[in-house]
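I opened the notebook to record what I looked up, one place at a time.

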Amino acid sequence: MGFRKENRRHRTASEEIDIPGTLTRQQLFALEQKDKTPARRAWDLCVTLFPAPACAAALLEYGYIPDKYSNAYPWRYVIFLLIPLAVYLCVWIVSRVRCAKGDRTLYEKLLYKAPLYTAIYLFLLLFDVLTLKTGKLMYPFIPWVNDIINAALGDWNMLLKSTLFSLRLLFLGYFWGVGVGLITGIACGYSSRIHYWISPLIKILGPIPVATWLPLIMLLFPSLFSGSVFIIALGTWFSVTIATITGISNIDRAYFDAARILGARERQLVLHVAIPHAMPNILQGMTQGMNSACIALMVAEMLGVEAGLGWYITWAKAWAMYNRMFAAIIVICIIFNGVTRMLDFIRRRALRWQIGVTRT
């Protein structure tokens, strides 16, 4: 009887004490907020609003300092500055409403991102002063932002066609490289015999730069498009293969032995033991493969393919249309950043079990 009372007393005490390893992110934010003074909380609130005065400063500079060059459609730059700020302020209002309900996650994200957004607006202000207002950065080699916007809108049809062509070429080569890379990596990582014969080929073909293949592509492939797909697939194949081999080789052999004892066949060992345990490495290799694919895409389009964003940059530079060239570069940055974010989202969704284990 006394043992039961003592056990109940310990259980009650353990229920009242929060174990640090089980705290959620929201609970950690709440603990940090309790430690902050009222002055610090007020400063954090001001920090989240810093992008607004930075945008206002950029607008005042743009409107009141005289231009050195002719600037067509000046209102486009004003819209370019105001739309992100309007979205940010809407999200800020939502974050304050959630804070009133006890959810500070969105507010903490804004607090973390606000200095970066402020710096972007200040950079745009400085860049506009150095280009449009004073001409310190020589035109037409470095155009101002509104000139780039006008070039992109004026030639949107050609820019859109080039973007679609680049995306088709990129994903064709990437998916071929991922597919072949998974097959090669799983086979080499699981079978030492296959690894013996394929490993020298990987070591020979992998380190070769992309541009080295261009003369051979012109001779071996019927078209530059198919040759460019091969270049992109080759770089992706190497990254995915190496990552998959590494992931499978690092699996504890006890897992395979335990599965064999339970009656698993070779196919089940591959599908239910090797691939799931190597998935973090495989997804990392797919991300690295996308980086290699993007580099190979630009090299192929600039040197051989007769369409795409790389071709558009080379064409615009040849005709000294640097505003269009910068517009294409910005489109490339947006696309590649979007593709990388998409892969990161897939990785987080596929490995959400691993994230949960890490948090606990």
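**Entry 1: a threonine in the interior**

I looked up Thr241 and found this residue buried, at a relative accessible area of 0%, where buried stands for under 20%, exposed for over 50% and partly exposed for what lies in between (1.4 Å probe, protein chains only). Thr241 sits in helix H11, residues 224–249, helices being DSSP runs of H or I with at least four residues, numbered from the N terminus. Setting aside residues up to four places away in sequence, I noted that Thr241 touches Gly181, Thr184, Gly185 and Ile202, contact being heavy atoms within 4.5 Å.

I keep in mind that the model is predicted, with local features needing pLDDT of at least 70 and side-chain atom pairs pLDDT 80 or more, while totals for chains, interfaces and linings use all residues. Residues are numbered from 1 along each chain as its sequence is written, and side-chain values use heavy atoms, with hydrogens and water left out.

I next looked up Leu132, which is in helix H6 and is buried, with a relative accessible area of 0%. Beyond its neighbours within four places in sequence, Leu132 is in contact with Tyr62, Asp67, Lys68, Tyr69, Asn71 and Trp144. From Leu132 to Pro66 I read 8.8 Å between C-alpha atoms, although the two are 66 residues apart in sequence.

Which side chain meets that of Asp67 in a salt bridge? The partner is Lys133, at 2.4 Å from N to O, the term requiring a side-chain nitrogen of Lys or Arg within 4 Å of a carboxyl oxygen of Asp or Glu. Asp67 lies in the loop between helix H4 (51–64) and H5, and Lys133 in helix H6, so the pair ties together parts 66 residues apart in sequence. Asp67 is partly exposed at 37% relative accessibility, whereas Lys133 is buried at 7%.

**Entry 2: other salt bridges**

The structure holds 6 salt bridges. I looked up the one between Glu108 and Arg104 (3.5 Å, N to O), and both of these residues are buried. Another joins Asp344 and Arg348 at 3.1 Å, N to O; both lie in helix H15, 4 residues apart, about one turn of the helix. Asp344 is partly exposed, with a relative accessible area of 30%, and Arg348 is also partly exposed, at 39%. Through salt bridges that share partners, Asp344, Arg347 and Arg348 form one network.

Notes
Helix = DSSP H or I, 4+ residues; strand = E, 2+ residues; numbered from the N terminus.
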